[in-house]
Amino acid sequence: MSKIAIIDQSTSEFTRDTSLSVQELACDPCKRILRNCKDSSMKIDAVILSTTSDIQYGSTILSEYLGIKPIISQRLDNLCNSGTNAIVSAYSLIKSGLCKTALVVGADIRETKGSQLLWDISRGSFTLPVYWAALFAKVHMRRYGTTEEQMASVAVKNRKNAYLNRNALFRKKVSVDDVMNSKKLVEPIKMLDCSYICNGASAILLSNEEEAKKYTDRPVWIEGIGSSTEAASFSNVSSELSCVQSTKKASNMAFSMTNIEREQIDVTELHDAFTIMEILAYEDLGFCQKGEGGKFVSQNNIVINPRGGLIGTGHPLGATGVAQTVEICEQLKGLAGKRQVNDCKSGLVHNMSAAGSSSLVLILS
Amino acid sequence: MKEFLDFLSRGKFRIPICDNCHTKIWPPSNICNNCYSKRIRMSKLDRKGRLIEHSESFIGENKNLGLVEMSGIRIIGVLSEGGLTPGSVVKLKKCGLDKNNSPYYEFSSA
């Protein structure tokens, strides 16, 4: 059966302010990809726009802005986990034979309505994501002795990585003391433990094997996909607050689809919406034992969040999963410049939505 | 769900329970998520619960908050007193809609 490849990728600079609409923002990373398509006489069969912003038929407007007439045009929203879900939809369209190529574009603006979950009235007046992050952190600290300094070290690492990423929003290094002394929001979460919702857009082009060979001699193959949806409400998302069930399930599913083992993963982009969520993801992805996540921050076996993660790069909700995938593709192709991981053969993307309501894992080579 | 909010606006906590299979539907909805029946009844719950985890918010007015499991459903609410720890038995002391029409729940020790 034909394999599915990511044959091109691009991302825009993430920003605090913009006067552009979501669709206009979305055009930016597509321009270079579409110029390459013209040179290769490649037609775009599907456009999937990943965004949490409240816009009507945004993918069709985007297609018109880009001057293309795809067979399929869809807009997809699954909160912060929209980007990789859009990639899986594109994968499925190609795998089915309905399309040969698909352009996945993630774009969002800072003011998106996706940042608060008003449907979930079990949260009472505590609608901001920082509240559930604090509860996860408190449980992990109490049960496993995870410290605020270990959480701060995640922010220090990711900000340091972002320093080398010209598209990152936060290119200033911080120290553990800076994080510890930043404004306390919800015990034990401080300002610098959090990612920042911003403007940004990223795009990738997928194709079947035959088209990939015509376009590039360096395709990135999608080797494994795992996904899990647990619940929309925080009250039903997990009986255990010490782990993210959807990530555990997605990780196991993705690794069961491929011969690549966890020990062979060279580089990972994981969903560090808050520093504690990176620590939980280490454990739930199976990179370390349960309860060891706090100590795993200082490991050197796998390069984690080389572009700076969500904390260093910024978090345009619908674009994040696509941006994470762009980074892993650039790493696997040797195009990551100063951030390049040596001898990079296999990579993993972990994307997640509110409190782990859903998670998606991609394994790429 | 309108009925839930109507009760809540009067300070009453009632949740839908399926007449057909007796499932507690939480967060509230007009359709049972077990048997899909629309025959539901707004019912009282035992207001006593167990504190699963708690924290303190410094956003706006300082508040203690906690995740409480009460009759098998989970709610995040304000803790009206300090000193409560995970496992503490608490009760739903107050509930209602705030000035923004958002639900609020307040727990105290039982």
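Guide: Let us begin with a single position. A:Ala102 is found in strand S4 (residues 101-108) of chain A. Please bear in mind that this is a predicted model.

Visitor: Is A:Ala102 buried or exposed, and why?

Guide: Burial is judged by counting neighbours, with 20 or more other C-beta atoms within 10 Å as the cut-off for a buried residue. A:Ala102 has 29 C-beta neighbours inside 10 Å and therefore counts as buried.

Visitor: With which residues is A:Ala102 in contact, leaving aside its neighbours within four places in sequence?

Guide: The contacts of A:Ala102 are A:Asp45, A:Ala46, A:Ile48, A:Ala90, A:Leu93, A:Ile94 and A:Leu206.

Visitor: Which residues have the most contacts inside the largest nonpolar core?

Guide: They are A:Leu103, A:Val104, A:Val105 and A:Leu362, in a core of 136 residues. Take A:Val105 as the case: beyond its neighbours within four places in sequence, A:Val105 is in contact with residues including A:Ala26, A:Cys30, A:Val47 and A:Leu62, as well as A:Ala201 and A:Ala203.

Visitor: How is a sheet to be read, and what is the strand order in chain A?

Guide: Strands of a sheet pair through backbone hydrogen bonds, either parallel or antiparallel. In chain A, an open sheet of ten strands runs in the order S3-S2-S4-S7-S1-S8-S12-S11-S9-S10, with mixed pairing. Strand S3 (72-76) and strand S10 (303-304) of chain A stand at the edges; each has a single partner strand, so one side of each lacks a neighbour in the sheet. For a pair within the order, consider strand S8 (residues 220-229) and strand S12 (residues 358-364) of chain A, which pair in the antiparallel sense over seven bridges. A:Gly224 stands opposite A:Ile363 in S12(A).

Visitor: At what angle do helix H3 and helix H13 of chain A pack?

Guide: Helix H3 (residues 82-95) and helix H13 (residues 317-333) of chain A pack at about 65°, and their axes are 5 Å apart. Among the residues that meet are A:Ser82, A:Gly83 and A:Ala86 in H3(A), with A:Gly318, A:Ala319 and A:Val322 in H13(A). By class, this contact has five nonpolar, seven polar and no charged residues.

Visitor: Into which domains is chain A divided?

Guide: Chain A is divided into domain 1 (4-111 + 198-221) and domain 2 (125-194 + 222-364). Their centres, taken over C-alpha atoms, are separated by 23 Å. Across the boundary, 40 residues of domain 1 of chain A are in contact with 35 residues of domain 2 of chain A. H3(A) gives the largest share of the domain 1 side, eight residues. That side has 17 nonpolar, 19 polar and four charged residues.

Visitor: How many residues of chain B are in contact with chain A?

Guide: The size of an interface is often given as the accessible area lost when the parts come together. Here the contacts are counted by residue: 20 residues of chain B are in contact with 20 residues of chain A. On the chain B side, the largest share, five residues, comes from S5(B). By class, the side of chain B that touches chain A has twelve nonpolar, four polar and four charged residues.

Technical notes:
Residues numbered from 1 in each chain as written. Chains lettered and ligands numbered in written order. Predicted model: local features only at pLDDT ≥ 70, side-chain atom pairs only at ≥ 80, totals over all residues. Core = buried A, V, L, I, M, F, W, Y, C linked by C-beta atoms within 7 Å. Buried ≥ 20, exposed ≤ 12 C-beta atoms within 10 Å, placed from the backbone. Contact = placed C-beta atoms within 7 Å. Helix = DSSP H or I, 4+ residues; strand = E, 2+ residues; numbered from the N terminus. Nonpolar A, V, L, I, M, F, W, Y, C, P; charged D, E, K, R; others polar. Pairing = 2+ DSSP bridges. Axes fitted to C-alpha atoms, helices over the stretch in contact; angles between N-to-C directions. Domains from an automatic or database assignment.
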